[in-house]
Amino acid sequence: MSTLAAARADNFYYPPEWTPNQGSLNKFNGQHALRERARKLDQGILVIRFEMPYNIWCGGCNSMIAKGVRFNAEKKQVGNYYSTKIWSFSMKAACCKQEIVIQTDPKNCQYVIISGAQQKTEDFDIEDAETFALPAEEEKGMLADPFYRLEHQEEDLQKKKEAEPVLVRLQRISDDRHSDDYALNKALRAKLRSQKKRVAEEEAASRKMGLHIRLLPAAEEDTASASRVKFSTKFDRNRKDKRALINASSVFPGSSGTSKKALELESKRRKISAAAASSLLAGRVKPSSWSQSSVSSSRHNGAAVKVRHF
């Protein structure tokens, strides 16, 4: 043992004043082996952990105590049923300190509440619970009657004959499925190989397309939805752009953007020609240069006229 407390808990610690002729450690210490649980053992009472066998209603505060809740109960014998002892368990509820007394019933193989509580009655439908109805006491007594047993035996045999083909077919199917382990293993491995092959083909097809994910097999719904999708061509885009330009342009020719630009260019040329004429009159520019500038301006005007005419 690692510690002295653990050694004492397991009764492995023997004090120096103890000698073997003094008996056990419990006798030496003057205590019972069950410690506090046996404090009322002289009265025939032993403290145990009692687990509630079913749901009950507390008699003090009317609270429900669920099945499986554990209590420190005082166990004592209160009688006998033939050679079987009848035990009584007394405990206090944690909700209101109500004392609850429960006894065993060896005759009916159950627990009976004597005082302090009431058993919760829980009814259920046999069909909803998917259980079988147990025969009643009267029916159990009638089964001892030879004539009653003979009549029901004939009915049971008839039901067995009606249900036998179904049972035989189900048994045959089960035997066929599980009789040959080699065939089952072979079928399973073949299915696994085909699945691996299909996955490898799908991954190879995805790599050819430059994808890093595995595509699922093509379905009819995907084909139908893809056929309904229409992509726009270059002709459609050009026609759409032309229609947009026509809709954005004005109905009046003078207010268009091209006419405005032409007017601006013409006004600039006129300003340049006026500036050249004023400089010629002042004697700052030779006539040759004036003629060249006029020729170049006329060329530009002609080009502009040609462009406008075109």
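Me: Is Glu-202 buried or exposed?

Reply: Glu-202 is buried, with a relative accessible area of 10%. Buried means under 20% relative accessible area, exposed means over 50%, and partly exposed lies in between (1.4 Å probe, protein chains only). This is a predicted model, in which local features need pLDDT of at least 70 and side-chain atom pairs count only at pLDDT 80 or more, while totals for chains, interfaces and linings use all residues. Residues are numbered from 1 along each chain as its sequence is written, and side-chain values use heavy atoms, with hydrogens and water left out.

Me: Which residues are linked with Glu-202 in a network of salt bridges?

Reply: A salt bridge is a side-chain nitrogen of Lys or Arg within 4 Å of a carboxyl oxygen of Asp or Glu. Here Arg-198, Glu-202 and Arg-214 form such a network. Between Arg-214 and Glu-202 the N to O distance is 2.5 Å. That pair links distant parts of the chain, 12 residues apart, with Arg-214 in the loop between H6 and helix H7 (220-227) and Glu-202 in helix H6. For Arg-198 and Glu-202 the N to O distance is 3.3 Å; both lie in helix H6, 4 residues apart, about one turn of the helix. Arg-198 is partly exposed at 38%, and Arg-214 is partly exposed at 40%.

Me: How many bridges join strand E4 to strand E5?

Reply: Strands of a sheet pair through backbone hydrogen bonds, either parallel or antiparallel. Two strands pair if DSSP finds at least two bridges between them. In this model, 7 bridges join E4 (residues 70-81) to E5 (residues 84-92), and the two run antiparallel. Lys-75 stands opposite Phe-89 in E5, and Phe-89 has Ile-102 as its bridge partner in E6. Strand E6 (residues 99-105) is antiparallel to E5, with 5 bridges between them.

Me: What is the order of the open sheet of 3 strands?

Reply: The order is E3-E2-E8, with antiparallel pairing. Strands E3 (64-65) and E8 (117-119) are the edge strands, each pairing on one side only.
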